[in-house]
Amino acid sequence: MLKANDNRVKAGDLELKDKVVSINRVVKTTKGGRAFSFSALVVVGNGAGVVGQGLGKAKEVQEAITKGIEDAKKNLIKVPVMHGTIPHEQLAKEGAAKVFIKPAAHGTGVIAGGSMRAVLEAAGITDVLAKSLGSANPTNVVKATVKALATLREPIAVAKTRNISLKKVFNG
């Protein structure tokens, strides 16, 4: 599934902060009436380049959030963060949601929409320009953002692959 940057991280001894992106109430109509349940989309990160997303479903909201956090801890990835921003532009798609993230100068801040912002802040990215294109479905936007961050390449790895200096990677 993940291509260039498939370095998963274990949640072991990381100080992870969680952020609930969306809570959705689901109603199932049965012969005995309506059965309510909840699904919670949660993003966790340590604010230093590690981020993960998870979905939890349960009859109670708090239980769904707890399950979402546990699921997110199983899906952690390492993101290359350089001076508070990302190394290069990236476009990713999940379902009908498309996201575009672009590095920004120091002091720009996180310019991104709701569910994208949660992922980028959890990853510890402080300066980035991001645009959500297509569907605004929070689940797919979060998945697309995580996919975009996962496919980012480290500048040092790019320099090694191309057999050029790190300075040439940035100056073209």
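User: Is Asn163 buried or exposed?

Analyst: Asn163 is exposed, because its relative accessible area is 71%. The cut-offs are under 20% for buried, over 50% for exposed and partly exposed in between, using a 1.4 Å probe and protein chains only. Before we go on: this is a predicted model, so local features need pLDDT of at least 70 and side-chain atom pairs count only at pLDDT 80 or more, while totals for chains, interfaces and linings use all residues. Residues are numbered from 1 along each chain as its sequence is written, and side-chain values use heavy atoms, with hydrogens and water left out.

User: Thanks. Where is Asn163?

Analyst: Asn163 sits in the loop between helix H4 (155-162) and helix H5 (166-171). Helices here are DSSP runs of H or I with at least four residues, strands are E runs of at least two, and both are numbered from the N terminus.

User: What about the phi of Asn163?

Analyst: Asn163 is not a glycine, yet its phi is positive, about 55 degrees. For background, most residues other than glycine have a negative phi. His83 also has a positive phi, about 50 degrees, although it is not a glycine.

User: And where does His83 lie?

Analyst: His83 is in the loop between strand S4 (76-78) and S5. With 73% relative accessibility, His83 counts as exposed.

User: Let's zoom out. How many helices and strands are there?

Analyst: The protein chain has five helices and eight strands. Their order along the sequence is β-β-β-α-β-β-β-β-α-β-α-α-α. The C-alpha trace spans about 70 × 35 × 30 Å along its principal axes.

User: How much of the chain is buried?

Analyst: Of the 172 residues, 38% count as buried. The accessible surface is about 9800 Å², and 52% of that belongs to carbon and sulfur atoms. These areas come from the Shrake-Rupley method with a 1.4 Å probe; for residues, only the protein chains shown count as cover.

User: Can you give me a buried residue with its neighbours?

Analyst: Ser39 in strand S2 (residues 33-45) is one. Ser39 is buried because its relative accessible area is 13%. Leaving out residues up to four places away in sequence, Ser39 touches Ser22, Ile23, Asn24, Leu55, Gly56 and Lys57. A contact here means heavy atoms within 4.5 Å.

User: What share of the contacts joins residues at least 24 apart?

Analyst: That share is 58%, taken among contacts between residues at least 6 apart in sequence.

User: Switching to charges. How many positive and negative side chains are there?

Analyst: There are 27 positive and 13 negative side chains, and the centres of the two sets lie 8 Å apart. Lys and Arg count as positive and Asp and Glu as negative, with His and the chain ends not counted. Each charge is placed at NZ of Lys, CZ of Arg, CG of Asp or CD of Glu.

User: How many salt bridges does that rule of yours give?

Analyst: The count is two salt bridges. The rule asks for a side-chain nitrogen of Lys or Arg within 4 Å of a carboxyl oxygen of Asp or Glu. In one of them, Lys147 meets Glu94 at 3.2 Å, N to O. That pair links distant parts of the chain, with Lys147 in helix H3 (residues 138-150) and Glu94 in strand S5 (residues 90-94), 53 residues apart. Lys147 is partly exposed at 25% relative accessibility, and Glu94 is partly exposed at 23%.

User: Which side chain does Glu121 pair with?

Analyst: Glu121 pairs with Arg117 at 3.4 Å, N to O. Both lie in helix H2 (residues 114-122), four residues apart, about one turn of the helix. Glu121 is partly exposed at 42% relative accessibility, as is Arg117 with a relative accessible area of 32%.

User: Last one: which residues make the nonpolar surface patch?

Analyst: Val20, Ile23 and Val61 make a nonpolar patch of about 190 Å². Patches use residues with over 30% relative accessible area and no salt bridge; nonpolar side chains (Val, Leu, Ile, Met, Phe, Trp, Tyr) are joined within 5 Å, and like charges within 9 Å. Val61 is in helix H1 (residues 61-74).
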